[in-house]
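Let's take a friendly look at how some side chains pair up in a protein model. Have the sequence and the 3D view ready.

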Amino acid sequence: MLVEQVTAWWRADDIRAFCRAARARANGASLPGELEWLHWAEAYAEQLDPLRGALEAPPDSPASRQALAEFLRADPYAHPWPYDSDGRWAPPDEALTEHP
């Protein structure tokens, strides 16, 4: 998550630098279409920039089978894994039965 945020920040900064250079090159004589495009590019850079709002730590991802094995003291492969491929809780399809 951190690397993604830094990459987005660099990209936003590069786009802004490009827009500044394009405006300086035009020296105030940009064509109307060029100005519209530069406004769009600057707005796009603003959307990319992770520093435009408050930063929050990403949520913890679920632990892997290997990480839990030592705590469970069981074979983590013996039972269905409760997380789907995106890390969301996904209980097994089998119905739970009550024990008397």
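Is Trp-37 buried, partly exposed or exposed? At 44% relative accessibility, Trp-37 is partly exposed. Here, buried means under 20% relative accessible area, exposed means over 50%, and partly exposed is in between (1.4 Å probe, protein chains only).

A quick word on where this comes from: the model is predicted, so local features need pLDDT of at least 70 and side-chain atom pairs count only at pLDDT 80 or more, while totals for chains, interfaces and linings use all residues. Residues are numbered from 1 along each chain as its sequence is written, and side-chain values use heavy atoms, with hydrogens and water left out.

**Aromatic pairs**

Searching the whole structure turns up 2 aromatic pairs. Rings of Phe, Tyr and Trp (its six-membered ring) pair if their centres lie within 6.5 Å; planes under 30 degrees apart are stacked, over 60 edge-to-face, and the rest tilted. Helices are DSSP runs (H or I, at least four residues), numbered from the N terminus. Trp-40 and Tyr-44 make a stacked pair, 5.3 Å centre to centre with 5° between the planes. These two are 4 residues apart in helix H2, which means about one helical turn separates Trp-40 from Tyr-44.

**Salt bridges**

Side chains of opposite charge can pair when their charged atoms come close. The whole structure has 4 salt bridges, each a side-chain nitrogen of Lys or Arg within 4 Å of a carboxyl oxygen of Asp or Glu. Here are some of them, including their N to O distances:

| Residue | Partner | N to O distance |
|---|---|---|
| Arg-16 | Glu-46 | 3.2 Å |
| Arg-16 | Asp-49 | 3.1 Å |
| Arg-25 | Glu-34 | 2.5 Å |

Shared partners join Arg-16, Glu-46 and Asp-49 into one network of salt bridges. How do its members compare with the solvent-cover classes? Asp-49 is buried at 8% relative accessible area, while Arg-16 is partly exposed at 22% and Glu-46 is partly exposed at 39%.

**A nonpolar patch**

On the surface, Trp-9, Trp-10, Leu-51 and Leu-55 form a nonpolar patch with about 450 Å² of accessible area together. Patch members have over 30% relative accessible area and no salt bridge, with like charges joined within 9 Å and nonpolar side chains (Val, Leu, Ile, Met, Phe, Trp, Tyr) within 5 Å. Leu-55, found in the loop between helix H2 (32–48) and helix H3 (65–72), is exposed at 51% relative accessible area.

Conventions. Areas by Shrake-Rupley, 256 points an atom, 1.4 Å probe, with all protein chains shown as cover.
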